[in-house]
Amino acid sequence: MKGIVAISVLGVLLAVCSCRNNPGESGEFILVNAESFAASVNPGAETVEEIYRNLSSPLEIANLFQVMGVPFSPGYLASSIDANEQTTSFQKALFLGILGADLGYLNMYEKTGTAIELVSSIKKLADGLNVGQYFNFETIKRVSLNKSNIDSLLFLSVDSYSRMDEYLRKNNRSQLSAIMVVGVWLEAQYFSTQVIKQYPNNLLRERIGEQKYFLDDLIKIINPYCDYDREFTAMCGWLKDIASKYENVKIYYTKGEPSSSEKDGRLVVTQTESSMVEMTDEQLARIIEITGIVRNKLISK
Amino acid sequence: MKKYLLGFLLLWPALAILCGQNQNDPLVSRCLQSTGPAAKYLKDFRIQLGQGTSQNLFRYKANMSLWKNTRYRFTLCTADNSKGRLILNIQDDTNNVVLSSVDGKTGTVYNYVDLICNKSGIYQIFFDFTEGQSGSGVSIVSMVQ
């Protein structure tokens, strides 16, 4: 009987230890600067980490749509993706990214009930890549059904994706992380280019033009894997096709000093320097066209 | 023997709950709740620093893209056991200071800073604790409509 007690105690202790030492699962503070740690594990990783942080978020694109007064449209979503049918890791990672952007779009418009099916597909794809443990499925599902706190839902979704992405990069599967990020960017770019066709707007037009710089970063991320296999080679080609349509798009800056004021105990700083995009209608039309072709080719069955 | 096995089995769910709770940092949750009703979560930074040697250099640095025509809110939350208060400094790609959460003239430390961004680009986000002291904190970046 004493043996059983000892085994039980040992089991409990092991459970506690494994619970505390699992870095992916813990939400506690990281004792060292995460960026420095990544850099020390993998030389050059700091640069990659910076690029990841700099890519535009689909949440910001959806936020812009809301500022413009664009209504929600399910037609923009990649509804043809079937999480049960993906065979290669490339497809799983790509669709994980595309559906992540779709989830951000749904959440920003508070279509949380509709998002449940999408969340289940994301979980399946994440499981298929063995990163399902980092996607906080049950909590996201519960908060989605509750509709109680959109901010928490946005946090949980973004946090889950960051954890999956970080795990892939730190476990020598950076090629999948790269393709997932490409998926997120491509889908957000698809949203923008579809919306501007129906709702022409200068703010959105500028945002599409500004993707020039971020597309360059995206190509930097995926470039090391262009010869990895046929799927990666094709993706590199498509991104370069999109980049070629941006070739003559120009971005200018004007100088100015920021001004600040205090309102309700908050400091409010307004930038007076600004950026401007020079892009012709023809250039925009070509960007819209190529984005649609690439995105639809990737999600078609 | 059955008693011990039963006790052991009963402990498992409790441990699972404890593990699950670790995923939700209470400071992050608290900070999320204080961003304001018009703010929508974008990303967060979690900072933990020991006692520093210099009071002027920001020790935590990250890069982040900010977009024109967007109002960003940086909510700064400091853990109770910290010696200093979490502070923020943002610089553009040419190292020009865009904002600081500390008013250099009055010494006021702000926990909420809104930036009305008019220039899209990559910005350097610096964090530290007042006077280079030790502390832990969270900064939530939100978009305000």
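This is a predicted model: local features need pLDDT of at least 70, side-chain atom pairs count only at pLDDT 80 or more; totals for chains, interfaces and linings use all residues.
Q: How many C-beta neighbours does B:Asn69 have inside 10 Å?
A: Residues are numbered from 1 along each chain as its sequence is written, while chains are lettered from A and ligands numbered from 1 in the order in which they are written. A residue is buried if 20 or more other C-beta atoms lie within 10 Å of its own, exposed if 12 or fewer, and partly exposed in between, with C-beta atoms placed from the backbone. B:Asn69 counts as partly exposed because its number of C-beta neighbours inside 10 Å is 16.

Q: What is the phi of B:Asn69?
A: B:Asn69 is found in the loop between β2 (60-66) and β3 (70-78) of chain B; helices (H or I, at least four residues) and strands (E, at least two) are DSSP runs, numbered from the N terminus. Most residues other than glycine have a negative phi. B:Asn69 is not a glycine, yet its phi is positive, near 65°.

Q: Where is the place of A:Asn172 in chain A?
A: A:Asn172 also has a positive phi, about 55°, although it is not a glycine. A:Asn172 is exposed because 8 other C-beta atoms lie within 10 Å. Its place is in the loop between α8 (150-170) and α9 (174-198) of chain A.

Q: How far apart in space are B:Tyr60 and B:Phe127, C-alpha to C-alpha?
A: B:Tyr60 belongs to strand β2 of chain B. B:Tyr60 counts as buried because it has 22 C-beta neighbours inside 10 Å. In sequence B:Tyr60 and B:Phe127 are separated by 67 residues, while from C-alpha to C-alpha the distance is 5.0 Å.

Q: In chain B, what percentage of the contacts with a separation of 6 or more do residues 24 or more positions apart account for?
A: Chain B has 2 helices and 8 strands, and from the N terminus on its elements run α-α-β-β-β-β-β-β-β-β. Buried residues make up 37% of its 145 residues. Two residues are in contact if their C-beta atoms, placed from the backbone, lie within 7 Å. Of the chain B contacts with a separation of 6 or more, the share from residues 24 or more positions apart is 82%.

Q: Over which residues of chain B is the pLDDT below 50?
A: The mean pLDDT of chain B is 85, and 83% of the residues score at least 70. One stretch, with 18 contacts in the model beyond near neighbours in sequence, has a pLDDT below 50: residues 5-23.

Q: Which helix of chain A has the highest mean pLDDT among its elements?
A: The secondary structure of chain A comes to 12 helices and 4 strands, and the chain averages a pLDDT of 83. Over residues 4-44 the pLDDT stays under 50, and the model has 45 contacts beyond four places in sequence for them. Helix α2 (residues 34-41) has the lowest mean among the elements, 32, while the highest, 97, goes to helix α12 (residues 281-299).

Q: At what angle do helix α4 and helix α5 of chain A pack?
A: Two packed helices are described by the angle between their axes and the distance between the axes. Axes are lines fitted to C-alpha atoms, for helices over the stretch in contact, and angles run from 0 to 180 degrees between N-to-C directions. For α4 (residues 58-68) and α5 (residues 89-108) of chain A the axes are 9 Å apart and the angle is about 35°.

Q: Which residues in α5(A) meet those in α4(A)?
A: The α4(A) side includes A:Pro58, A:Leu59 and A:Ala62, and 8 of the 11 residues of α4(A) are buried. The α5(A) side of the contact consists of A:Ala101, A:Gly104, A:Tyr105 and A:Met108.

Note on methods: pLDDT is the predictor's confidence in each residue, from 0 to 100.
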